[in-house]
Amino acid sequence: MATHISTGTAELRDITKMERIGAHSHIRGLGLDDRLEPRETSQGMVGQAKARKAAGMILKMVQEGRIAGRAMLFAGPPSTGKTAIALGMAQTLGPDVPFTMIAASEVFSLSMSKTEALTQAFRRSIGVRIKEETEIIEGEVVEIQIDRSLTGATKTGKLTIKTTDMETIYDLGNKMIDALSKEKVTAGDVIAIDKTSGKITKLGRSFARSRDYDAMGADTKFVQCPEGEIQKRKEVVHTVSLHEIDVINSRTQGFLALFAGDTGEIKPELRNQINAKVGEWREEGKAEIIPGVLFIDEVHMLDIECFSFLNRALENELAPLVIMASNRGKARIRGTNMISPHGLPPDLLDRVLIVSTSQYTSEDIEQIIKIRCEEEDVTLSPEALAILSRLATDTTLRYVLNLISCAQMLAKKRKAEVVSGEDVRRAYDYFFDEKRSVQWIQEVGSTLVTEEDNRPAGRSKPAGGDAMDQS
Ligand SMILES: Nc1ncnc2c1ncn2[C@@H]1O[C@H](COP(=O)(O)OP(=O)(O)O)[C@@H](O)[C@H]1O
Ligand SMILES: [Mg+2]
């Protein structure tokens with residue numbers, strides 16, 4: 001039995017959670033007011049009012065901790081903002097609530113079983129807020145004295161540190177000496193040392209030393225010498241996900257695996273131990289569970305085994321809110337011959353709140369194009385804007401947003417600041433949208449390599465031919 005479960009406190013603070021995705025970098029939230037009413041244009045969000053409002057209501061319930069273990073589905077044609085709204089939700093949640101995003105097809109490409117991949121995604125989406133008491137040493141450095149052995153291999157030293165009320169000398173080991181020199185700590189610095197992790201934080205230079213002009217940069221911050229005891233107890237609160245606790249405690253992986261992103265499979269026994277331990281912490285008031293959000297994009301790409309896993313996992317006490325998105329109308333459920341709405345099995349659909357997204361009006365499209373241009377630092381001529389807006393109705397919004405940077409390239413090539421209608425037309429000629437590509441395939445069809453459709457029934461053939469899929 002592993003009795004000590006580590007939460008990797010100090011190290012984890014430095015891991016960044018999510019990288020922004022270029023195509024959605026203009027989305028900064030859902031753009032709702034305090035009453036959850038969607039503002040016309042706000043936080044990069046335009047139109048799609050009903051879906052945004054629904055998303056806001058669901059978020060509110062998540063934040064109040066009322067909606068773990070439920071699921072919702074954004075259903076709508078391609079390019080209608082399903083992913084954008086989900087990312088807007090993520091940004092509204094705040095740093096403490098975990099948000100995980102996966103594309104359903106990732107589940108099949110990882111070097112682990114489908115259910116393990118989904119389990120990991122679930123556990124990434126559950127936060128554990130942990131209260132810990134740590135002891136810190138805080139004061140002004142009076143002197144650092146280091147003695148090297150003759151070979152230089154070992155170092156010992158002493159650190160003299162003071163507050164306005166007292167002064168203490170600490171013995172230093174190798175590790176502390178290295179840490180102090182890495183942080184370039186010198187006499188006159190006010191520092192804090194976390195006793196459990198050994199982490200050193202420089203708080204500033206002591207005012208008393210403000211007249212030592214050497215060793216001072218222009219950005220030196222001056223602080224008062226601390227008062228009172230040198231050693232203090234401090235309560236720190238931090239949030240880690242269940243998955244992070246799993247990985248840190250799995251003997252074969254260890255903490256570094258989190259950086260590499262290569263976590264492999266985790267043994268169920270370990271997860272049971274961790275669940276039990278977290279349960280204990282909760283009873284002792286040391287930890288709190290924060291159900292987060294798991295977003296599964298293109299959910300129709302999951303197969304029947306994954307869906308039945310989802311069904312079961314949602315029943316679990318430690319389940320997040322699961323948000324899914326699908327652009328399918330009626331479609332085959334992968335791994336079966338069954339046709340079902342959105343490509344989801346009926347028993348899963350039954351427990352899902354469905355929010356639909358619809359095609360944008362031309363005003364909305366124009367507004368979104370303008371926002372993207374600001375984001376990408378592109379200036380369009382009125383003609384270019386008009387052409388792009390019209391194109392978006394004929395093709396898709398996503399295609400048009402992609403054209404913006406291509407047209408800008410062409411403008412730059414002729415050393416123009418403003419993208420003209422002609423730049424857009426030429427970009428449109430260079431790069432096909434889906435419709436023209438299909439047309440082109442029909443024209444040159446016989447010269448391209450075509451894959452025979454001879455896979456057994458029910459194996460991963462996306463079911464086409466429905467209203468939603470073909471906008
Ligand atoms: N309501 C909106 N406001 C601002 N930008 C949007 C909005 N809806 C979609 N977009 C942008 O349009 C593009 C396509 O939308 P996306 O969310 O990827 O569509 P879907 O996931 O429904 O296929 C993305 O770049 C997205 O950021
Ligand atoms: Mg999408």
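His26 sits in the loop that runs between α1 and β1. Before going further, note that this is a predicted model. I will start with that loop, go on to the ligand, and then take a helix and the cysteines.

So, His26. Is this residue buried or exposed? His26 has a relative accessible area of 6%, and the cut-off for buried is under 20%, so His26 counts as buried. His26 also pairs up in space with a residue from another part of the chain: Ala84 is 58 residues away in sequence, yet the two C-alpha atoms are 9.4 Å apart.

Gly31 belongs to the loop between α1 (9-12) and β1 (41-42) as well. Gly31 has a relative accessible area of 0%, so this residue is buried. From Gly31 to Thr41 there are 10 residues in sequence and 7.0 Å in space, taken from C-alpha to C-alpha.

Now the ligand. How many residues surround ligand 1? There are 19, and the closest are Val46, Lys82, Thr83, Tyr360 and Arg398.

At Val46, a polar backbone atom is 2.6 Å from a nitrogen atom of the ligand. At Gly81, the backbone again takes part, with an N or O atom 3.1 Å from a ligand oxygen. At Lys82, the side chain does the work instead: one of its N or O atoms is 2.8 Å from an oxygen atom of ligand 1.

How much of ligand 1 does the protein bury? On its own, the ligand exposes 550 Å², and the protein buries 98% of that. In terms of domains, at least three shell residues come from domain 1 (41-125 + 292-356), and at least three from domain 3 (362-436). Sorted by class, the shell holds 10 nonpolar residues, seven polar ones and two charged ones.

Next, two backbone angles. As background, most residues other than glycine have a negative phi. Gln48 has a positive phi, about 45°, and is not a glycine. Where is Gln48? Its place is the loop between β2 and α2 (49-63). With a relative accessible area of 10%, Gln48 is buried.

Ser79 is another non-glycine residue with a positive phi, here near 65°. Ser79 lies in the loop that joins β3 (71-75) to α3. This serine is buried too, at 9% relative accessible area.

On to helix α7, residues 242-249. How many of its residues are buried? Eight of its eight residues are, so the helix is mostly covered. Going along α7, the buried residues are Leu242, His243, Glu244, Ile245, Asp246, Val247, Ile248 and Asn249. That list includes Glu244 and Asp246, which belong to the charged class.

Last, the cysteines. A disulfide is a covalent bond between the sulfur atoms of two cysteines. How many disulfides are there in the whole structure? The search finds zero. Two cysteines can still be placed by their cover: Cys306 has a relative accessibility of 1% and counts as buried, and Cys373 is buried as well, with a relative accessible area of 5%.

To recap: ligand 1 has 19 residues around it, and the protein buries 98% of the area it exposes when taken alone. Helix α7 has eight of eight residues buried, and the structure has zero disulfides.

Technical notes
Residues are numbered from 1 along each chain as its sequence is written. Chains are lettered from A and ligands numbered from 1 in the order in which they are written. This is a predicted model: local features need pLDDT of at least 70, side-chain atom pairs count only at pLDDT 80 or more; totals for chains, interfaces and linings use all residues. Side-chain values use heavy atoms; hydrogens and water are left out. A residue is near a molecule or strand if one of its heavy atoms lies within 4 Å of it. A polar contact is a pair of N or O atoms within 3.5 Å; within protein, one must be able to donate a hydrogen and the other to accept it, and residues adjacent in sequence count only if both atoms are side-chain atoms. Accessible areas come from the Shrake-Rupley method with a 1.4 Å probe; for residues, only the protein chains shown count as cover. Domain bounds come from an automatic or database domain assignment. A disulfide is a pair of cysteine sulfur atoms within 2.5 Å. Buried means under 20% relative accessible area, exposed over 50%, partly exposed in between (1.4 Å probe, protein chains only). Helices (H or I, at least four residues) and strands (E, at least two) are DSSP runs, numbered from the N terminus.
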